[in-house]
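Let's take a walk through this structure together, one stop at a time. Keep the sequence and the 3D view side by side as you read.

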Amino acid sequence: MFSAADHEFMARALQLARKGLFTTTPNPRVGCVVVKDRMIVGEGWHARAGEAHAESHALIAAAGAARGATAYITLEPCSHHGRTPPCADALIAAGVTRVVAAMRDPNPQVGGNGLEKLRAAGIACEDGLMEAEARELNLGFVSRMTRGRPWVRLKVAASLDGKTALNNGKSQWITGPEARRDGHAWRARACAILTGAGTVRDDDPRLTVRDVGTSRQPLRVVVDSHLETPPGARLLEDGNALVAAASEDAEKMAALRAAGAEVIVLPNPQGKVDLPLLLRVLAERGVNELHVEAGHKLNGSLLREGLVDELLMYFAPTLLGSGREMFPLPELTDLSGRHELRMIDLRRVGADIRILARPLAA
C-alpha cells in the first residue's frame with residue numbers, strides 16, 4: 001500500500017520527467033526524486049540520449065544524504081551498460097534503502113532485472129505507483145519496445161462539417177493561430193513527422209517545429225510511392241528527411257539524395273509503400289512517437305490498415321460544405337463496421353476545439 005507521501009513524491013518525479021518531453025528520444029522520459037526524512041534531498045530528470053540519467057542527476061544533488069533515503073523513479077532503473085553505466089549500480093553505491101518505481105521497463109534488456117538487482121543488494125523495491133501516468137508519458141517508448149513500431153498519432157484540422165481542405169486543395173488556414181501553435185507542441189514531442197508526396201507537392205510544407213522552443217527537430221518522413229517529391233521541397237533543406245518509395249528510379253533517387261534526403265524502397269504487393277514495414281523500419285531507428293500530418297488519402301490508408309493509435313483533431317467553428325474529407329473510408333452498410341473511438345481529452349484552443357481520441361482497440 002502506497003502512502004499519500006509516496007504519491008506526492010512520485011507526482012513530482014513525473015513532473016520532472018515531463019521536462020524531457022521534447023528531447024529524450026529515443027530514450028524514455030524519466031524523472032527521479034530522492035527523499036530522506038520526508039524531505040526531497042535530490043532530484044533530476046533525463047534530458048538527452050547519451051547524457052546522464054535521471055537517477056544520476058538526483059544522486060549527485062543528494063550527495064551523502066542519499067544514504068538511507070528512498071528514490072522515487074518514474075521507470076525501473078536500468079541494469080545494463082548502454083551509453084551510460086547502470087543506474088541500479090549507482091543507487092546501490094549511493095546507499096539508498098528503498099526504491100519506488102512507477103512502472104517496469106518494457107525494454108527486454110531490463111524487464112525487471114533492474115529491480116531484481118536492487119533487491120539482491122538488500123534494497124526494498126516496489127513498483128506500480130502511478131503507473132498509468134508513467135505509461136502515458138512514454139506511450140511511444142512502450143509501443144516500440146513491446147510492439148516493434150512507434151505510437152502513431154494522426155493530426156487533422158477540419159471545419160465542423162469534417163472538411164480538411166477545399167476541393168482545389170486549399171487549406172491554409174482552417175484553424176486559428178492558437179491551434180496551429182498547439183499543433184507545433186505535438187510536433188516537438190514526436191521523433192518523426194510523416195506526410196505524403198501529395199501534401200509535399202501541393203503545400204510544400206517545412207514540417208519543422210517553429211512555434212514552441214525546442215533544441216531538436218523531428219525527422220521528416222515522406223510516403224512517396226512513385227518518387228514524386230520535388231528535390232527542391234522545403235522539408236529536404238536541412239538533410240533531416242527520409243523518403244519511402246515503392247519503386248526504384250535511379251535518376252529520381254539520385255536527385256533526392258543530392259538534395260539531402262535518404263531514400264528507401266519498401267514496396268507492398270499492390271505497388272505502394274508497405275506502411276506496416278515502414279513503421280517497423282522507423283522503430284528500428286529509434287522512433288518512439290510518429291506524428292502524422294498528411295492528406296486524406298494517406299490518412300485513410302493508415303486507418304484502414306489499423307496503424308493509427310491516436311487521433312489529434314482540431315475543429316474550427318466554420319462550415320465548408322463541399323471539400324476534402326478527413327478520412328476517405330469505405331462506405332458502410334451496417335453500423336457494426338464503424339470505427340469506434342475512446343475520448344481521451346476535449347478542450348478549447350483559441351476559437352477551435354481540440355479532441356484527442358483513440359481507437360477502442362488501442
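R38 is exposed, with a relative accessible area of 65%; exposed means over 50% relative accessible area, buried means under 20%, and partly exposed is in between (1.4 Å probe, protein chains only). You'll find R38 in the loop between β1 and β2 (39–45). Helices (H or I, at least four residues) and strands (E, at least two) are DSSP runs, numbered from the N terminus. R38 also has a positive phi of about 65°, although it isn't a glycine. Most residues other than glycine have a negative phi, and most peptide bonds are trans.

Before we go on, a word on where this comes from: it is a predicted model, with residues numbered from 1 along each chain as its sequence is written. Local features need pLDDT of at least 70, and side-chain atom pairs count only at pLDDT 80 or more, while totals for chains, interfaces and linings use all residues; side-chain values use heavy atoms, with hydrogens and water left out.

Now for A63, in the loop between α2 (54–62) and β3 (70–73). A63 is not a glycine, yet its phi is positive, near 50°. A63 counts as exposed, at 51% relative accessible area. Then there's P26, which sits in the loop between α1 (4–17) and β1 (31–36). The peptide bond leading from T25 to P26 is cis, and its omega is near 5°.

Is H46 buried or exposed? H46 is buried, at a relative accessible area of 2%, and its place is the loop between β2 and α2. Its side chain makes a polar contact with the side chain of N27 at 3.0 Å. A polar contact here is a pair of N or O atoms within 3.5 Å; within protein, one must be able to donate a hydrogen and the other to accept it, and residues adjacent in sequence count only if both atoms are side-chain atoms. The H46 side chain also reaches the backbone oxygen of A52, at 3.1 Å.

On to charges. Side chains of opposite charge can pair when their charged atoms come close. How many salt bridges does a search of the whole structure find? The search finds 26, where a salt bridge is a side-chain nitrogen of Lys or Arg within 4 Å of a carboxyl oxygen of Asp or Glu.

Take E126 and R98, which form a salt bridge with their closest N and O atoms 2.8 Å apart. This pair links distant parts of the chain, 28 residues apart: E126 is in strand β5 (residues 124–127) and R98 in strand β4 (residues 98–101). E126 is partly exposed at 26% relative accessible area, whereas R98 is buried at 19%.

Another salt bridge joins the side chains of R147 and D309 (2.9 Å, N to O). Here the partners are 162 residues apart, with R147 in helix α6 (residues 139–147) and D309 in the loop between α11 (296–304) and β13 (310–316). R147 is partly exposed, at 39%, but D309 is buried, at 2%.

R187 and E293 form a salt bridge too, with the closest N and O atoms 2.8 Å apart. R187 is in helix α7 (residues 177–189) and E293 in the loop between β12 (289–292) and α11, 106 residues apart. Both of these residues are buried. Salt bridges that share partners also join R29, E136, R153, R189, E289, E310 and R358 into one network.

Next, look at strands β10 (residues 241–245) and β11 (residues 261–265), which run parallel and are joined by 5 bridges. Strands pair if DSSP finds at least two bridges between them. L242, for one, has E262 in β11 as its bridge partner. Together with helix α9 (residues 250–258), β10 and β11 make a right-handed β-α-β unit; right-handed means that, with the strands pointing away from the viewer, the path from the first strand over the helix to the second runs clockwise.

Last stop: helix α10 (residues 275–284), whose buried residues are L275, L278, L279, V281, L282 and A283. At its start, a side-chain oxygen of D274 reaches to within 3.0 Å of the backbone nitrogen of L277. After α10 comes G286, with a positive phi near 90°.
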